[in-house]
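Biologist: Could you take me through this model one feature at a time, giving the general idea and then the case at hand?

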Amino acid sequence: MWDYTDKVMDHFKNPRNVGSIPNADGTGQVGSLICGDALRLTIKVNKETEVIEDAKFETFGCASAIASSSMLTEMAKGKTLDEAAQITNQDIADALGNLPAEKMHCSVMGMEALDAAIKSYRQGGKPVVFEQQEEKVVCRCFNVSEEAIIKAVRLNHLTTVEDVTHFTKAGGACGRCKGEIQKILDKVNGAKAEEKSAQKPFSELTIVEKIKAVEKVLEEEIRPKLNMDGGSAELVDLAGNTVKIRLVGMCSGCMNAQATIKNFIEKTLQEKIDPSVTVEQA
Amino acid sequence: MKEIYLDNNATTRCYPQVVEVMLPYFSEKYGNASSMHTFGGENRRVIDAARLQVASLVNAAYADEIIFTSCATESNDSVLFSAAEAFPDKKHIITSAVEHPAVLEPCRVLESRGWRVDYIRVDENGRFDIEELKNVIDDQTALVSVMWANNETGTIFPIKEIAQIAHAHGALFHTDAVQAIGKVPVDVQAAGVDMLSLSAHKFHGPKGVGALYVRRGVRFVPYLVGGHQEKARRAGTENVPYIVGIGKAAELAQKRLANGVTNQIAALRDRLEQGIVAQIPDVKINGDVHNRVPNTTNISFGYVEGESILMYLNDFGICASSGSACTSGSLEPSHVLRAMKVPFEFAHGSIRFSLSDENTQADIDTVLKELPPIIARLRKISPFSKENA
């Protein structure tokens, strides 16, 4: 169960400013049914003073999404457009007495809807769907851009991929973009992205590197299986891409020794190290 | 306020009769069952009696085919990793797309270790695709693991048929029967099951104890090592009070199945479901309504979000659960509903009610009275419902 503050529960149970302003001066939309939450914000603006005189919302979402929307309308009312544009997701969360980390994206949605509504007013009132400004979409599942991630990281001092997911949803579904999010974090936080050296082909390894690579696979993949039948395998020699292996224990006199060498040991070494590796029985 | 507890697929109330038989084994008869003195050694007999009770519940041929574990997750993990260890010459596992994470996650670990895993699809009613199973199974398949009944929709899978197909290809068959035990008859011999996982707290026993049925003759490599307990198939000092508890819970579950209590639960479930359908527009029942466990209904309310519904139900002491993204802490709706291709506008608004024999008609009528205004209220806030009005 989420640890919601009394403020969140109050705004969820008694949401302020529900509905839609007829002939609104600005309409901002964000999210969709697919994402699991969505917000439609309408505002009435005084043309002389640019003060937001009224704001109403409609939200599909969880308790914190509804509470964030409700709080957003309360905060926006009475402010000029320029003042309102300064409202951040953290301001919304603070006004609610904080949100659970996993729910911070609800407050981000509020900030984005307000951005879109202001833009809509400036463009003459036609509804604006909040869009990531940068073309580069990092998270395809939730349509989150690199720019949005950088903004969330900077604003909220995020340090982990999990943080980014909580704030922006990026990486929360298939998770394929987590590596990219980490790189963005590294860049923003000044960390150096770890460069993984590409695996060299077996023939280019030194003799010591070759021995280590083969031993590692023997120890992790091959011996545990052979051990189950009371046997094991030892590395005897190396020449070029040919690895000489001796079967020991129960495997040594086994009728299937050749099959073990070729179908299991050689296949495993080829899978784990390099397809060019061949194995001979010593 | 009295709770109206309709979340029995999450966990059940441990019956007082169960707690009662457990209590002496904490502070009075606390001996170690492996000890050479009578004080401890007597507890061996107590454990064996519980083993017999659980064996009887699933109709195992021999009591020693039951291994006590800490939970069904441990049972499932043991099965998956055992199969991988015991069949080093095979490289293929088959399961379903709608398993509990306790099966899906170890499968993903095995995938990272080079195993091939096929996740059999279900149709829009949550029914298992037996033809796909026939297509993907081959002689490289070490294990087929398919749940007896789904935890979210209650849909029952054709276990006997799946087991036959597995055996025809030389594969073992395991079933996670956590959601079937105590709700429908489970007979490991009739169904041809090689291994089966169960958990006490889903049938009115204590949390923290489960069991694994392993048919005699099935290759099994232990998951927990470091002791001779459970015939060296699950090391660790036996949790005597909890084992006594699962035994008693098994005995009571068998009695309930025999005296038709499950029919009464089904009648209440149907009353709830029909009442909701009659009163609330834009709802959808998820799962195979013709073939599901008697206590479960999974209902989607279009255009509203599940967590919000639960929070309002909570005000009336009504306990249920949701497959919505927001409730799980993840951001996607339930993998079960997505596998069934439930449209997003319904998937996010799914509520699971799961009953037990302790529910009354008054409970159901309270839900039927309180739920419609909640849905109406949330739909009024939602930007989507009007588009369809």
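Biologist: How many residues of β8(B) are buried?

Modeller: A residue is called buried if 20 or more other C-beta atoms lie within 10 Å of its own, exposed if 12 or fewer, and partly exposed in between, with C-beta atoms placed from the backbone. By that criterion β8(B) is mostly covered, with 5 of its 5 residues buried. Keep in mind that this is a predicted model, in which local features need pLDDT of at least 70 and side-chain atom pairs count only at pLDDT 80 or more, while totals for chains, interfaces and linings use all residues. Residues are numbered from 1 along each chain as its sequence is written, and chains are lettered from A and ligands numbered from 1 in the order in which they are written.

Biologist: Which residues point which way from β8(B)?

Modeller: In a regular strand the side chains alternate between the two faces of the sheet. Here Gly210(B), Leu212(B) and Val214(B) point one way, whereas Ala211(B) and Tyr213(B) point the other way, and all are buried. Strands, like helices, are DSSP runs numbered from the N terminus (helices are H or I of at least four residues, strands E of at least two).

Biologist: What is the strand order of the open sheet in chain B?

Modeller: The sheet has 7 strands in the order β2-β8-β7-β6-β5-β3-β4 (chain B), and its pairing is mixed. β2 (66–69) and β4 (116–120) of chain B stand at the edges with a single partner strand each, so one side of each lacks a neighbour in the sheet. From one strand to the next the twist averages 20°, where axes are lines fitted to C-alpha atoms, for helices over the stretch in contact, and angles run from 0 to 180 degrees between N-to-C directions. A parallel pair is found between β3 (residues 92–96) and β5 (residues 141–145) of chain B, over 4 bridges, and in it Ile93(B) is bridged to Leu143(B).

Biologist: Which strands does helix α5 of chain B touch?

Modeller: Contact means that the C-beta atoms of two residues, placed from the backbone, lie within 7 Å. Helix α5 (residues 101–112) of chain B packs on the sheet and touches β3, β4, β5 and β6 (172–176) of chain B, its direction making about 155° with that of β3(B). Helix α3 (residues 38–58) of chain B lies across β2, β7 (195–199) and β8 (210–214), at about 115° to β2(B).

Biologist: Why is helix α12 of chain B described as largely enclosed?

Modeller: Of the 9 residues of α12 (residues 306–314) of chain B, 8 are buried, so the rest of the structure largely encloses this helix. Among them are Ile309(B), Leu310(B) and Met311(B).

Biologist: Where is Leu6(B) found, and what is Leu6(B) in contact with?

Modeller: Leu6(B) is in the loop between β1 (4–5) and α1 (16–22) of chain B, and counts as buried because 28 C-beta neighbours lie inside 10 Å. Leaving aside neighbours within four places in sequence, its contacts include Ile318(B), Cys319(B) and Phe353(B). Leu6(B) and Phe353(B) are 347 residues apart in sequence, yet 5.2 Å apart in space, C-alpha to C-alpha.

Biologist: How many residues does the contact take from chain A and from chain B?

Modeller: The contact takes 23 residues from chain A and 24 residues from chain B. On the chain A side, the elements giving two or more residues are β2 (37–45), β3 (52–60), α2 (63–76) and α9 (207–228).

Biologist: What is the radius of gyration of chain A?

Modeller: Chain A has 30 Å, whereas a compact globule of 282 residues would have a value near 19 Å; the radius is taken over C-alpha atoms, and the globule rule is 2.2 Å times the number of residues to the power 0.38. Along its principal axes, the C-alpha trace of chain A spans about 95 × 40 × 30 Å.

Key: Pairing = 2+ DSSP bridges.
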